[in-house]
Amino acid sequence: GCSLAKPRPPVYCAAAGDNLHVAAVMEYFKRNSTIERVLAPLVRSDRLELLVADDSRTDYATFAKHLRGTGRFLVYLHNLHEIRAYNRLARMTSAPILAMLQDDDVAPARDVWLNDAIKLFRSLPKLSVLGGFRGRMDLGLIMDKRHNFYNGPKYGPMPSDPSEQKKCCNPLKHKEKKSGVPFMYVYKVNMGPVLYRRDKFMELGMFNNKMSCVGDAGIGFDFEFSIRAWKFNTRVGIYYSKFEFDIAEGSSGTHAGIQNQIRHANEMHNNNVLYQMYPNFHHAKGTKLAMSSLKELVVTDPTWVPPNDSSATIDLCRYSISTCKMAAQNPADGNKKFQALFENFEREILEEKKAKWLAARQQIRSRELEQRERESSRTPRLSDREAKARDDRRTRRVSVRGDRRDRGDTRQNDRSGVRTERVWYKTFANGAEKYVVGNKQ
């Protein structure tokens, strides 16, 4: 009879979650200097399905070399940019976790970033978005007009660029109870890498295509999805992925040329339109939800104090004093609470500068004293005979009478009328002395 009618052995399926794996989704555009480093740790992992969108249609030979074997996919697109590329690749996989990656970030050599992320997703059922780069809380008393958002505290690894370190970032001072992985809830996360529960990602509608035109930078689409996740009763957090970030040399991609101008214009527009998309939720109510969720975590630093609007504003003023000055001078931007806070801040800054100046001056004096002590300790001690010879070579003053014109270097004593002149004695090795009047020889 038909083979299909024959009894078949039962199919063994692992328990739900036991074989949890991750689909790494990356959008690539003309970064051939970085692609081999970026791909190397990803293709070595046996827990990753890898999907690459070659949005520039270049470097096929490099991809063909690395993307061999099962679970490796290369998709040719045509300059759709991140939002649309990520959405298309998310539909191609059935992996329960999506890891959205950047083409200039390098994953750790081992799968520790995957293991920690999977632990967090298993321990926190309501967690739908997990950032591995940077997270934010929208706290503050004034809007930062450079970006059209409340530039509150940032969390994540410290940037390698020294010029960026004063702006970022606060370390994570919480951990998840069950797994012990350093983690905290945040209101928004920045792209690269960010991991999503695929079912929630699809249920919430994926990334919003209206955050940019085709081919333009969709700056802010990661923020918008974070806000949407909180709005629909799921959660957003951040952990240490231990990626190496921004390995591309110089300004490239949307950070260079005309694309940088388009990027900034989109950022200003998108950050502002979020208030129209989520009225009465963004940013105050959403940030409050994120802050209250921190109570469920374990605090690892006993000195940690929850940030608030005032402390966030002080942090903003410390690295962008011009923004705060403009807001304080403009009644439309600065409220009374902020203006009073800023006045106190300026006084504190002046006191800090004065204290630093005094400390620096004290350090200089201390170094000078130490230098003198070292020099005096290196000076050899003279014997009595050497000390007497030294004294004999010093200037002696004698009183003489005579005409000032005949005596050269002479001075008049106002009281006695006695003229004085400098007389120098130099003792030679043979005991002879040379007598010199006026100038030392």
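A nonpolar core is taken here as a set of buried Ala, Val, Leu, Ile, Met, Phe, Trp, Tyr and Cys residues joined through side-chain atoms within 4.5 Å. The model is predicted. Its largest nonpolar core has 83 residues, and the members that touch the most others in that core are Trp113, Leu195 and Phe207. Leaving aside residues up to four places away in sequence, Phe207 touches Ile83, Tyr86, Asn87, Met100, Met191, Tyr196, Phe201, Phe221, Phe225 and Arg228. Another core, of eleven residues, lies apart from the largest one; Ile314, Leu316, Leu341 and Phe342 are among its members. In soluble globular proteins, nonpolar side chains tend to be buried together.

**The chain as a whole**

The protein chain has 441 residues, of which 44% count as buried. Its secondary structure consists of 14 helices and 17 strands. Among contacts with a separation of 6 or more, 71% join residues 24 or more positions apart. The chain exposes about 25700 Å², and 50% of this area comes from carbon and sulfur atoms.

Strand β2 spans residues 48–54, and seven of its seven residues are buried, so the strand is largely enclosed by the rest of the structure. Leu48, Leu50, Val52 and Asp54 point one way from β2, while Glu49, Leu51 and Ala53 point the other way; all are buried. In a regular strand the side chains alternate between the two faces of the sheet.

Strand β1 (residues 22–28) runs parallel to β2 and is joined to it by seven bridges. Within this pair, Ala53 of β2 stands opposite Glu27. Together with helix α1 (residues 35–44), β1 and β2 make a right-handed β-α-β unit. β2 also pairs with strand β3 (residues 72–76), again in the parallel sense, over five bridges. Here the bridge partner of Leu51 is Phe73 in β3. From β2 the chain crosses to β3 through helix α2 (residues 60–66), and this β-α-β crossover is right-handed.

**A three-stranded sheet**

An open sheet is formed by three strands in the order β7-β6-β10, with antiparallel pairing. β7 (154–155) and β10 (188–189) stand at the edges with a single partner strand each, so one side of each has no neighbour in the sheet. Strand β6 (residues 135–136) is joined to β10 by two bridges, and Gly135 stands opposite Val189 in β10.

| Strand pair | Bridges | Sense |
|---|---|---|
| β1 and β2 | seven bridges | parallel |
| β2 and β3 | five bridges | parallel |
| β6 and β10 | two bridges | antiparallel |

**A buried histidine**

His174 is placed in strand β8 (residues 174–175). With a relative accessible area of 1%, His174 is under the 20% cut-off and therefore counts as buried. Beyond residues up to four places away in sequence, His174 touches Pro182, Phe183, Met184, Leu294, Leu297, Val298, Val299, Thr300 and Trp304.

**Confidence**

The mean pLDDT of the chain is 80, and 77% of the residues reach 70 or more.

Terms used: Residues numbered from 1 in each chain as written. Heavy atoms only, no water. Helix = DSSP H or I, 4+ residues; strand = E, 2+ residues; numbered from the N terminus. Buried < 20%, exposed > 50% of the residue type's maximum accessible area, 1.4 Å probe, protein only. Contact = heavy atoms within 4.5 Å. Areas by Shrake-Rupley, 256 points an atom, 1.4 Å probe, with all protein chains shown as cover. pLDDT = per-residue confidence, 0-100. Pairing = 2+ DSSP bridges. Right-handed = clockwise from strand over helix to strand, strands pointing away.
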